[in-house]
Structure formats: C-alpha cells, structure tokens
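Below is a set of questions and answers on a two-chain model. Each answer works through the geometry before it gives the value or name asked for.

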Amino acid sequence: MEILHLVLRNLLARPVRSLLTLLGVLIATASMVLFLSFGEGLRRSLFQELSRVGPAIQVVPEGTEGLGFGGYPEITPRQLAALQEAGQALGVRALVPTLFLARGGFDPQTSFFFQGLPPGVGPDLLYPGVRAREGRLVPTEGGAVVGGKVAKRSQLSLGSPLRLSPQVGLKVVGILEESGGLADNLIFVPLAPLQQVLGTENYSAVLVALNPGQKAEEVARALEAAVPGLKAQTTGEVMRFAERALRISDLVRFGISLVALIVGGLLVANTVMMSVYERIREFGVMRALGARRGFIFRLVVLEALLLALLGGTLGLALGGVVSFAINLYTLDQVGLALSAVTPRLSLFALLVALLLGLLAGLLPAYHASRIPVVEALGRV
Amino acid sequence: MLRAENLSKRYRQGEKEVVALLGFTYAFPRGATAVVGPSGSGKTTLLNLLAGFDLPSEGGVYLDGLALHQLPEDERARVRLKHMGFVFQQWNLIPTLTAWENVAFPLLLAGRPRKERQEQAFALLERVGLAHRLHHLPSRLSGGEQQRVALARALALDPPVLFADEPTGNLDAESREQVAALLFEAGKERTLILVTHDLELAARAERILYLKGGRLAREEVVQPAG
C-alpha cells in the first residue's frame with residue numbers, strides 16, 4: 001500500500017472513467033507518433049538514398065538548391081560546355097548532364113518518372129550497385145532501361161512500348177534488379193527524346209563524379225566560380241538542406257498533433273478534477289489523520305501522471321503498429337518506408353505524454369491539497 | 001496533557017458575527033471526558049480547535065506545553081499523526097482500501113515499513129474482533145464493523161489523545177455497545193475526548209463537560225461504573 005498503490009486503487013475504483021480517459025490520451029499520443037513518424041521515415045529513407053548516390057556533387061540552377069531534381073530544365077548547353085571545361089581542368093572523373101520528366105498523377109501507381117542520361121552512361125554511375133536483371137543496363141537510342149518496381153507494377157517486359165508523348169515513343173531494352181532504392185521507381189532513357197518532349201535543349205542538373213582523393217567542397221566551389229548562375233551542392237549540403245526542411249515540416253506536424261494532445265490533456269485534467277471533487281471528504285480524512293499537504297498533492301499528480309503514462313505507452317504502441325501497416329503499403333507501392341517510429345521519437349512521445357499528465361494534474365492537485373480540513377470533512 | 005486556554009471562535013455570516021465558542025478553558029486529564037450539549041452549543045467547534053483542524057479566534061490549545069494553534073498547517077498535521085487519534089460519526093474510512101489497509105494508513109504516513117504496518121494492523125483488527133474481516137473493503141462491512149476499523153485506525157500509532165465525535169451515532173444497539181466498550185477500554189490509558197448527544201454514553205466517562213451557547217456551563221465528575 002505505497003502511495004502508487006493508493007493511486008492505482010483509486011483509478012481502478014472507477015474503471016470506465018479511467019479507461020475512457022486512457023483512450024483519449026492513447027489516441028492523442030498515437031496520432032502524434034504517427035504524424036511525426038512520417039518525418040522520421042522520410043529522414044531515414046532520404047539519408048539512406050543520398051548516402052548511396054554516386055556523384056558527390058550536383059550542379060543545379062541557382063535558386064533551386066536542395067532536392068531540385070525535378071526543377072525546370074534551366075542549365076543551357078553553353079553552361080554545360082563551360083562546366084565540362086572547368087571539370088576537365090579540375091580532373092573530375094565524370095560530368096553527367098541529366099533531365100527529369102514526371103508523367104501521370106498523384107497516385108504512384110499510375111505515375112512514371114523518367115531520367116534522361118547522355119549516350120553511353122548507365123544508371124550504375126548515378127546509383128552504384130544497380131544491375132540489369134534482363135537485357136541491357138545502359139539505355140540505347142530509342143531504348144529505355146526500367147527500374148524493377150516500375151516494371152513489376154506496370155507489367156513491362158523487354159520490348160514493351162513506352163510513350164513519352166504522341167510523337168515520341170521508346171521500347172524497353174533493359175530491366176533492373178530491385179535494389180530497394182530510388183532507381184527501382186525510375187525509367188532511364190536517352191536525353192534526346194526527353195529534350196524533344198519538353199521542347200528544350202537544356203538540362204535539369206549536372207551530376208559530377210569525383211576521382212578518389214578529390215575534395216567535394218573544393219571542387220564544388222571551383223565549379224561555381226567557373227560558371228556563374230549555377231549552384232554546385234555536395235551530398236553533405238543536400239543532407240543539411242533536407243534536414244532543415246524536415247525540421248520545419250516536423251514542427252508543422254507537431255503543431256497539428258498538438259490539437260489532439262491538448263484535448264487529451266483536458267480529458268485527464270477533467271477526470272482528475274472530478275475525482276478530486278468526489279474525494280474531498282477522503283482528502284479531509286487523510287489530512288485529519290496527519291497527512292501533509294504535499295502527500296495529497298503527490299497523490300493527485302501521480303494519478304494524472306499514471307493515466308498519461310499508461311495512455312502514452314499504449315498510444316506509442318498503437319502508433320508503431322499503424323506505422324508498420326503504412327510502411328507495408330508504401331514499400332509495396334513506391335519501395336520506400338515512409339514512416340519510422342525511432343527510439344528518439346518514442347522517447348519524445350513518452351516525455352510529451354508525461355508533461356501532459358503533469359500539466360493536467362497540477363491544478364486539481366493544488367486544489368485538493370489546499371482545501372481546509374474542516375471544510376473537507378464537512379465540519380463547518 | 002491537552003489544555004485549552006480561553007478558547008474562542010467567531011465566524012462571519014454575512015453581516016452577522018456568530019460566536020461558536022467563547023472563553024473555553026479546561027485541562028483534559030488522562031481518562032475519558034465527555035463533552036455534551038444541544039446542537040449549536042459549540043461541541044464540534046471545540047473538537048475542531050482541540051485537534052488543530054481549525055484555528056481559534058482567541059486563546060490557545062497546548063499539547064504537553066506545545067502551542068498547537070501557533071503551528072503551521074503541516075506541523076499541526078504532524079502533531080495529529082503522532083499524538084492524536086480520531087473516530088468520527090460517519091466512520092470516514094478510505095473506500096478504496098481494505099480494512100487492514102485503512103488501519104495501516106497512519107503507519108504509512110509515519111513511514112513504517114510494509115511488514116510492520118501489516119503486522120500491526122492485523123493485531124489491532126484482532127483486538128477489535130475483526131480478524132476475519134482483514135481484506136474486506138469498507139463497503140462490505142456493517143456500520144459497527146466500520147466503526148471498529150476506524151477505532152483500530154485511531155489506535156494505530158498508539159496516540160496519547162483520542163477524539164471520538166458521536167462514535168455511536170449511526171449504530172444499532174448491539175454495535176453501539178461493542179464500540180463503546182472498546183472505546184472506553186482504549187480511553188483508560190490515554191486522554192479520551194468524547195463528543196456526544198448520548199447522555200447514557202457520556203455517563204460512562206469519568207467527567208462530563210456541559211456546553212451551552214458556546215460556553216462551558218458546568219463540569220461534572222462521574223464515578224465510573226465498575
């Protein structure tokens with residue numbers, strides 16, 4: 001019969017009310033865990049992906065830094081020539097101009113992402129480790145190499161036709177093995193047909209592969225100095241940029257889940273306050289028998305904390321289960337685990353739940369510990 | 001020894017001032033002292049002040065020379081825990097705790113280890129004839145049984161002062177007799193202050209104080225029966 005035992009007895013004495021409150025906290029915590037798990041999942045996938053990307057530097061038009069793969073093609077052939085000249089002088093391994101085109105809607109099932117590569121360059125230069133499962137690895141003139149997941153999803157096989165526009169069509173000449181990375185969802189085609197479809201001679205980005213021993217930061221700054229109007233970003237810079245963007249989106253998502261958390265907190269406060277009002281005489285008896293104010297205060301705060309901790313733990317578990325289910329779907333659809341319940345997210349969720357309980361318990365606890373003994377005992 | 005000196009309590013009721021107790025002075029000796037009087041005579045107010053539940057408007061309460069009325073709330077609680085036991089009319093057991101846990105509650109407040117709490121609570125409940133009710137919740141006990149649990153709880157820390165406020169008010173004849181016998185037995189070796197309407201019960205005390213209109217009207221020394 002320690003103090004925690006007393007608290008537990010009281011919660012169990014009103015099982016339905018305690019359970020309903022627990023459910024409120026559970027749902028609030030689960031929704032917060034889920035919201036924030038998307039940020040954690042994106043972060044994890046992105047960094048895994050970026051750490052696998054071959055080229056150490058991406059050159060993009062100024063103002064489209066970050067993850068500007070899909071930016072409007074603005075790098076002109078003249079700028080490319082200047083880059084190649086500067087790259088040769090710096091002794092880089094390869095300089096690959098590339099172009100992106102997205103076809104389809106919001107549904108990953110019906111969308112196609114094309115990446116244009118110069119003649120003779122295969123996807124393995126940009127995505128180390130990819131291998132052809134069938135046919136060729138390097139796209140040919142009029143021939144595309146298809147990522148493993150796209151091929152499976154759209155039932156493409158060697159020789160299948162691909163239409164980029166009414167005028168431009170290609171045939172599948174190679175299918176890649178699934179590697180669990182971004183390349184699984186891409187279709188690699190020669191640059192020329194993409195430029196024809198987009199009506200431009202420009203490129204979206206130029207990817208730079210370095211020789212061993214070359215320092216990415218130094219090469220990037222030298223390229224920027226050589227060709228004005230372009231931004232050369234190293235993988236490290238992209239990661240930092242992505243981290244910044246993810247932090248902002250974390251805050252936004254936490255803001256949204258805060259609504260559920262506040263409702264959960266008010267539920268706990270309401271339950272504990274009701275329980276305090278019902279037990280005023282009981283607290284009076286405890287004080288009459290010799291309990292100090294601090295004892296009553298602790299009793300009530302612990303009740304709120306216990307409700308919040310139990311609800312928070314169960315909410316965390318529920319969030320984990322739902323996150324797992326979401327990942328099963330997204331892994332199947334786009335090959336990425338979008339949601340992740342990481343240890344730091346779990347710890348954060350439990351701390352938020354505890355803080356919630358503490359805040360919800362303070363006012364009722366203060367109230368309970370300050371009632372005059374004679375009033376509490378009804379002896380006025 | 002518990003001593004009240006010129007004890008007065010005044011309340012404000014709107015514009016009116018109500019005098020609940022006026023100039024009460026008495027030194028309670030060892031043994032049972034009954035406090036009787038009609039409703040509104042100041043019995044409950046007197047008990048509230050003696051126990052330190054409330055503070056007097058004038059005068060003071062001294063327990064072995066310690067000025068109880070000058071202590072802060074938490075200190076008064078500490079004094080109650082160590083030196084006073086209480087039996088109320090409505091039993092006032094903690095509803096979520098079993099009989100033995102209720103008896104052990106003051107021992108928990110005093111920081112006694114679990115084993116000691118349990119042993120002592122079991123022994124006290126046996127002493128009041130409830131060895132077969134140790135693990136029952138108050139809701140499963142009769143009024144008389146609840147009052148006996150309350151008495152066992154009041155004796156848990158063996159306090160020198162025992163307060164009983166209408167302890168038999170809600171009980172049937174048989175339970176009343178059982179509780180009264182246990183109460184006066186416990187009162188032999190300590191200061192028992194018994195507030196009651198029941199003159200028959202009061203007559204079993206060694207002294208009776210008659211309150212009227214908030215004043216001590218008279219003191220009667222009774223020859224205890226038997």
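Q: Which residues does B:Leu93 touch, not counting residues up to four places away in sequence?
A: The model is predicted. B:Leu93 sits in the loop that links β6 to α3 (99–109) of chain B. Leaving out residues up to four places away in sequence, the residues that B:Leu93 touches are B:Asn102, B:Pro138, B:Gln146, B:Val149, B:Ala150 and B:Arg153.

Q: Is B:Leu93 buried or exposed, and what is its relative accessible area?
A: Buried means under 20% relative accessible area. B:Leu93 falls below that cut-off and is therefore buried, with a relative accessible area of 12%.

Q: How far apart in space are B:Leu93 and B:Gly14, C-alpha to C-alpha?
A: In sequence, B:Leu93 and B:Gly14 are 79 residues apart. In space, C-alpha to C-alpha, the separation of B:Leu93 and B:Gly14 is 34 Å.

Q: In what order do the six strands of the open sheet in chain B stand?
A: The sheet is open and its pairing is mixed. From one strand to the next, the twist averages 20°. The order is β6-β7-β8-β3-β9-β10.

Q: Which strands of this chain B sheet stand at the edges?
A: An edge strand here has a single partner strand, so one side of it is left without a neighbour in the sheet. The two strands in this position in chain B are β6 (84–87) and β10 (215–221).

Q: Which residue in β8(B) stands opposite B:Ala32?
A: Strand β3 (residues 31–36) and strand β8 (residues 191–195) of chain B pair in the parallel sense, over five bridges. Within β8(B), the residue opposite B:Ala32 is B:Leu192.

Q: What angle does the direction of helix α5 of chain B make with that of β6(B)?
A: Helix α5 (residues 143–154) of chain B packs on the sheet, where it touches β6 and β7 (161–165) of chain B. The direction of α5 and that of β6(B) make an angle of about 175°.

Q: Are the rings of B:Phe86 and B:Phe88 stacked or edge-to-face?
A: Over all chains, the count of aromatic pairs comes to nine. The ring centres of B:Phe86 and B:Phe88 are 5.9 Å apart and their planes are at 5°. Planes under 30 degrees apart count as stacked. The pair of B:Phe86 and B:Phe88 is therefore stacked.

Q: Which residues form one aromatic cluster with B:Phe86 and B:Phe88?
A: B:Phe86 counts as buried at 1% relative accessibility, and B:Phe88 counts as buried at 3%. The cluster that holds B:Phe86 and B:Phe88 also holds B:Phe53 and B:Phe163.

Q: At what distance from the ring centre of B:Tyr210 does B:Arg218 lie?
A: B:Arg218 lies over the face of B:Tyr210. The distance from the ring centre is 3.9 Å.

Q: What is the area buried between chain B and chain A?
A: In this interface, 30 residues of chain B are in contact with 23 residues of chain A. Carbon and sulfur atoms give 59% of the buried area. The area buried between the two chains is about 2,600 Å².

Q: Which residues in chain B lose the most area to chain A?
A: Three residues together give 19% of what the chain B side buries. These are B:Phe53, B:Glu73 and B:Thr96.

Q: Which residue in β8(A) does A:Gly116 stand opposite?
A: Strand β2 (residues 94–103) and strand β3 (residues 112–117) of chain A run antiparallel and are joined by five bridges; in β3(A), the bridge partner of A:Leu99 is A:Gly116. Five bridges also join β3(A) to strand β8 (residues 186–190) of chain A, and these two run parallel. In β8(A), A:Gly116 stands opposite A:Val189.

Q: Which residues of helix α5 of chain A are buried?
A: Helix α5 of chain A covers residues 191–198, and A:Gly199, with a positive phi near 65°, follows α5(A). The cover over the buried residues of α5(A) includes β2, β3, β7 (169–176) and β8 of chain A. The buried residues are A:Leu191, A:Pro193, A:Leu194 and A:Gln195.

Q: Is B:Glu166 buried or exposed?
A: B:Glu166 is in the loop between β7 and α6 (173–187) of chain B. Phi of B:Glu166 is near 45°, a positive value in a residue other than glycine. At 10% relative accessibility, B:Glu166 counts as buried.

Notes: Residues numbered from 1 in each chain as written. Chains lettered and ligands numbered in written order. Predicted model: local features only at pLDDT ≥ 70, side-chain atom pairs only at ≥ 80, totals over all residues. Heavy atoms only, no water. Phe/Tyr/Trp six-rings, centres within 6.5 Å; stacked < 30°, edge-to-face > 60°. Buried < 20%, exposed > 50% of the residue type's maximum accessible area, 1.4 Å probe, protein only. Lys NZ or Arg CZ within 6 Å of the ring centre and 35° of its normal. Pairing = 2+ DSSP bridges. Helix = DSSP H or I, 4+ residues; strand = E, 2+ residues; numbered from the N terminus. Axes fitted to C-alpha atoms, helices over the stretch in contact; angles between N-to-C directions. Contact = heavy atoms within 4.5 Å. Buried area = accessible area lost by both parts, 1.4 Å probe.
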